[in-house]
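User: Could you walk me through this model? I'd like the overall make-up before we get to individual residues.

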Amino acid sequence: MNYAADKFAMLARSSVLCGLLGAYSSAHAFDFVSVAFPAILYDAPSLKAKKLFVATRYLPLEKVVSLDNWVKVRDNSGKLFWIEKRAVSGKRFVMVTKPVAAVHENPDANSVVIFQAPQQLALEWQEEAGNGWLKVRHIDGTTGYIKLSEVWGD
């Protein structure tokens, strides 16, 4: 092969690799799931593995790896666990990380506060509202806006 053909082949391989890496990172950068029902978190993908603790319903978890019947997940502290795939839901929730977070009527700190959300409360993710705000729904159906900096799982 000549120099031009070698250079073209190298560029083509680099483009494909960059494209694959970009697709991987965008597809997996913020892939969150929630716990569908109280479920055991394990240290390995096996029912015979060490049981670490029981995750509560709606707990948001970041999906790291998915196998046939297991999902490796990360919690808000950064710890990694395995959970049975049947125990996770694609329905998104976020968890309040501040001692108390205000949920507003509009995505504006000056808008009416609808309710105060205590730390570790799970709120259903509705949509990104822009400018650092997230639209959420309480389990009772109340909908409002919370600052992204006050929740984990988005």
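**Overall make-up**

Analyst: The protein has one helix and 14 strands, helices (H or I, at least four residues) and strands (E, at least two) being DSSP runs numbered from the N terminus. This is a predicted model, in which local features need pLDDT of at least 70 and side-chain atom pairs count only at pLDDT 80 or more, while totals for chains, interfaces and linings use all residues. Residues are numbered from 1 along each chain as its sequence is written, and side-chain values use heavy atoms, with hydrogens and water left out.

User: How many residues are there, and what share counts as buried?

Analyst: There are 154 residues, and 31% of them count as buried (under 20% relative accessible area, with exposed over 50% and partly exposed in between, using a 1.4 Å probe and protein chains only).

User: Which residues touch the most other members of the largest nonpolar core?

Analyst: They are Val35, Leu59, Leu61, Val73 and Ile83, in a core of 14 residues; a nonpolar core is a set of buried Ala, Val, Leu, Ile, Met, Phe, Trp, Tyr and Cys residues joined through side-chain atoms within 4.5 Å. At least two residues of this core come from each of strand S1 (32-35), strand S2 (39-42), strand S5 (70-74) and strand S6 (80-84). Another core, of eleven residues, lies apart from it, and its members include Val94, Phe115, Leu134 and Ile146.

User: What does Ile83 touch?

Analyst: Not counting residues up to four places away in sequence, Ile83 touches Val35, Ala39, Ile40, Leu41, Asn69, Trp70, Val71, Val73 and Val88, where contact means heavy atoms within 4.5 Å.

User: Switching topic, is Ala102 buried or exposed?

Analyst: Ala102, which sits in strand S9 (residues 100-104), counts as buried because its relative accessible area is 19%. Leaving aside neighbours within four places in sequence, Ala102 is in contact with Val113, Phe115, Gln116, Tyr145, Ile146 and Glu150. The C-alpha atoms of Ala102 and Gln116 are separated by 4.7 Å, although the two are 14 residues apart along the chain.

User: And where is Ala109 found?

Analyst: Ala109 is in the loop between S9 and strand S10 (113-118), and it counts as partly exposed because its relative accessibility is 45%. Ala109 and Lys147 are 38 residues apart in sequence, and their C-alpha atoms are 8.6 Å apart in space.
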